[in-house]
Amino acid sequence: MVVELFLDLFSQPCRAVFIFAKKNNIPFELKHVDLLKGEHMTEEFDKVNALRKVPALRDGDFTLAESNAILLYLSRKFKTPDHWYPSDLQKRARVDEYLSWQHTGIRAAGCKVYLSKVLLPLLTGKPFCPEKVERAIEELNVILKQFEEKFLEDKPFIAGSEISLADLVAVVEIMQPVGAGYEIFKPRPKLAEWQGRVEEAIGKELFQEAHKQILNAKSLGVAELVPELREQMACMLQKLIN
């Protein structure tokens, strides 16, 4: 049975689900939900996910929210290769450990950089507070150091010698500040080598397809938003950063 995936590739978790589904030839129908136009806040989408967030999944009468839950559901339903979520107890524990940390780690720090350097200036038409941008970058630098030292260490991938869901979830988050023009990989050769291995394991074409929107801010369609919605979004995002 074909599953329905409700995604907006502007979103890091959506990119992880999209890449995983395509890489593993999972039969799915892509349902695009435009976050910038508020399509996730409609009554129609509420029937899919009452939390009004993407990604979301619908499999017949069954619906599911939260990216990690969706990734695990797809891996189990379609029996994807073991390396994605290893049966080995300790390797699986490494994947679980990273997935438990990343929400308040790389995602939080990377989002702040992207919002302050790209999205808020696009919404408001003026640069964001330079001091707050610098503080967001400093926070991200600390987090990236933790990622290298704690999760990557001297291994090719987070769980060992093969790519896992942890690497997939990590790389889409790290690409968010890259989309803001922040140079992450050049001063961090170990991180750059890991990113190269992850991209190769995923497939360069698929990797670029998933990230082309985030790497091209002009494609976000902010100018098409009505002024009231732009103002509402700007206020909401500023609260996330402050």
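Is C14 buried or exposed? C14 counts as buried because its relative accessibility is 0%; buried means under 20% relative accessible area, exposed over 50%, and partly exposed in between, with a 1.4 Å probe and protein chains only.

## Basis of the description

This is a predicted model, in which local features need pLDDT of at least 70 and side-chain atom pairs count only at pLDDT 80 or more, while totals for chains, interfaces and linings use all residues. Residues are numbered from 1 along each chain as its sequence is written, and side-chain values use heavy atoms, with hydrogens and water left out.

## Overall make-up

The chain holds ten helices and four strands. Helices (H or I, at least four residues) and strands (E, at least two) are DSSP runs, numbered from the N terminus. In order from the N terminus, the elements are β-α-β-α-β-β-α-α-α-α-α-α-α-α. The chain has 242 residues, and 50% of them count as buried.

## Strand 1 and its partners

Strand 1 covers residues 3–7. Five of its five residues are buried, so the strand is mostly covered. V3, L5 and L7 point one way from strand 1, whereas E4 and F6 point the other way.

Strand 1 pairs with strand 2 (residues 28–32) in the parallel sense, through five bridges; two strands pair if DSSP finds at least two bridges between them. V3 stands opposite F28 in strand 2, and L5 stands opposite L30. Strand 1 is also joined to strand 3 by three bridges, and here the two strands run antiparallel. In that pairing E4 stands opposite R58.

## The β-α-β unit

Helix 1 (residues 12–23) forms a right-handed β-α-β unit with strand 1 and strand 2. A crossover is right-handed if, with the strands pointing away from the viewer, the path from the first strand over the helix to the second runs clockwise.

Strand 3 (56–59) and strand 4 (residues 62–65) pair in the antiparallel sense over four bridges. Strands 3 and 4 form a hairpin with two residues between them. G60 lies in the turn and has a positive phi of about 70°.

## Backbone features in two loops

The loop between helix 2 and strand 3 contains P55. A cis peptide bond joins V54 and P55, with omega about 5°. R52 is placed in the loop between helix 2 and strand 3, and has a positive phi of about 60° although it is not a glycine. R52 is partly exposed because its relative accessible area is 27%.

K79 lies in the loop between helix 3 (67–77) and helix 4. K79 is not a glycine, yet it has a positive phi of about 50°. K79 counts as exposed because its relative accessibility is 70%.

## The second largest pocket

The second largest pocket has a volume of about 170 Å³. On a 1 Å grid over the protein atoms alone, a pocket is an open set of points where a 1.4 Å probe fits, with protein on both sides within 12 Å along at least five of seven lines; lining residues have an atom within 4 Å of a point. Grid points are joined across faces, edges and corners, and a volume is the space filled by probe spheres set on the points.

The pocket is lined by F6, K31, H32, V33, E39, T42, E44, F45, V48 and R58. Strand 2 and helix 2 (43–46) each supply at least two residues of this lining. The lining has four nonpolar, two polar and four charged residues, where Ala, Val, Leu, Ile, Met, Phe, Trp, Tyr, Cys and Pro count as nonpolar, Asp, Glu, Lys and Arg as charged, and the others, Gly among them, as polar.

L99 lies in helix 4 (residues 89–101) and is buried, with a relative accessible area of 7%. L99 and D167 are 68 residues apart in sequence, and their C-alpha atoms are 9.6 Å apart in space.

V113 is part of helix 5 (residues 103–124) and is buried, with a relative accessible area of 1%. V113 and E139 are 26 residues apart in sequence and 9.1 Å apart in space, C-alpha to C-alpha.
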